[in-house]
Amino acid sequence: MSCQCGDIESLDWFHPNITRHTAESILLQNGKDGTYLLRPSSKGGGEYALSVKFEQSVKHFNIVWTGSNITFGHGSFRTIGDFIEHFKNKPLIGTESSQLVLLKVAYPRDVHEPDMYESVTVHAEFSTADDTGNDINFSLNTKEGFLTKLGLYFKTWKTRWFVLRRNELMYYKEKCSKSPIRVLDLNECSECEPETALHQDKINVFRLVFKWRTFYMYASTPQDMTEWIKQINWCLEENRRRH
């Protein structure tokens, strides 16, 4: 049976609505070496792009549906089954730098994510399996950056390095510090909102409300504050949805 365009787009690792930039953001933030996904090419006309994470970069390779077969590099596939089998065999793909990329695990389309692709970070938590049956866990729901936090006792503002990982918000004395000063469990957080009433001498201030304490911090720009609030609130919404 000849392959059809719809067969390609029915693959659970085909992402119909993402751009090259978005694919790079997803894979760099959430994938491991060899994680790959298929997306429409910006060239259109039945062309697709295979995006693969390799070390600290993402490589993109053209895949073309001609109407009767699929071409990928020097290979040609008459059926979608042949095409899938090609990936199951974990081919090595040569890049322009003569390095080799080993395809290991597909990044599935069916992942609950907010519409924030272009802000680089993707939010989700799931596991899948590679061809050997081993679970592959993706480190998702991530954001890092400097925020200036109000102290509890001395009421002084100090800049700290914050790291959001899944449902944990950690802050460090320095960006290079190995151990966090504190780890906040966002399962215990009830609110993350801009703070407009208090600390009017500061800008871009927002608050994190826990039963035992309210944390106040500010970002360097309004956009950065908005991104932190959106991403933390996505965690809170997911916690409420699960419970």
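**Surface patch and an enclosed strand**

In the predicted model, Leu152, Tyr153 and Phe154 form a nonpolar surface patch of about 440 Å². Patches comprise residues with over 30% relative accessible area and no salt bridge, with like charges joined within 9 Å and nonpolar side chains (Val, Leu, Ile, Met, Phe, Trp, Tyr) within 5 Å; a salt bridge places a side-chain nitrogen of Lys or Arg within 4 Å of a carboxyl oxygen of Asp or Glu. Areas were computed by the Shrake-Rupley method with a 1.4 Å probe, and for residues only the protein chains shown count as cover. Tyr153 lies in the loop between β11 (142-150) and β12 (157-165); strands are DSSP runs (E, at least two residues) numbered from the N terminus. Tyr153 counts as exposed because its relative accessibility is 71% (exposed, over 50%; buried, under 20%; partly exposed, in between).

Strand β16 (residues 205-210) is largely enclosed by the rest of the structure, since six of its six residues are buried. Side chains in a regular strand alternate between the two faces of the sheet. In β16, Val205, Arg207 and Val209 are buried on one side, and Phe206, Leu208 and Phe210 on the other.

β16 pairs in the antiparallel sense with β15 (residues 189-194) over five bridges, pairing requiring at least two DSSP bridges between the strands. Glu191 is opposite Val209 of β16. An antiparallel pairing of five bridges also joins β16 to β17 (residues 214-218), where Arg207 is opposite Tyr216. Three residues separate β16 and β17 in a hairpin.

Residues are numbered from 1 along each chain as its sequence is written, and side-chain values use heavy atoms, without hydrogens or water. Local features need pLDDT of at least 70 and side-chain atom pairs count only at pLDDT 80 or more, whereas totals for chains, interfaces and linings use all residues.

Key:
Helix = DSSP H or I, 4+ residues; strand = E, 2+ residues; numbered from the N terminus. Buried < 20%, exposed > 50% of the residue type's maximum accessible area, 1.4 Å probe, protein only.
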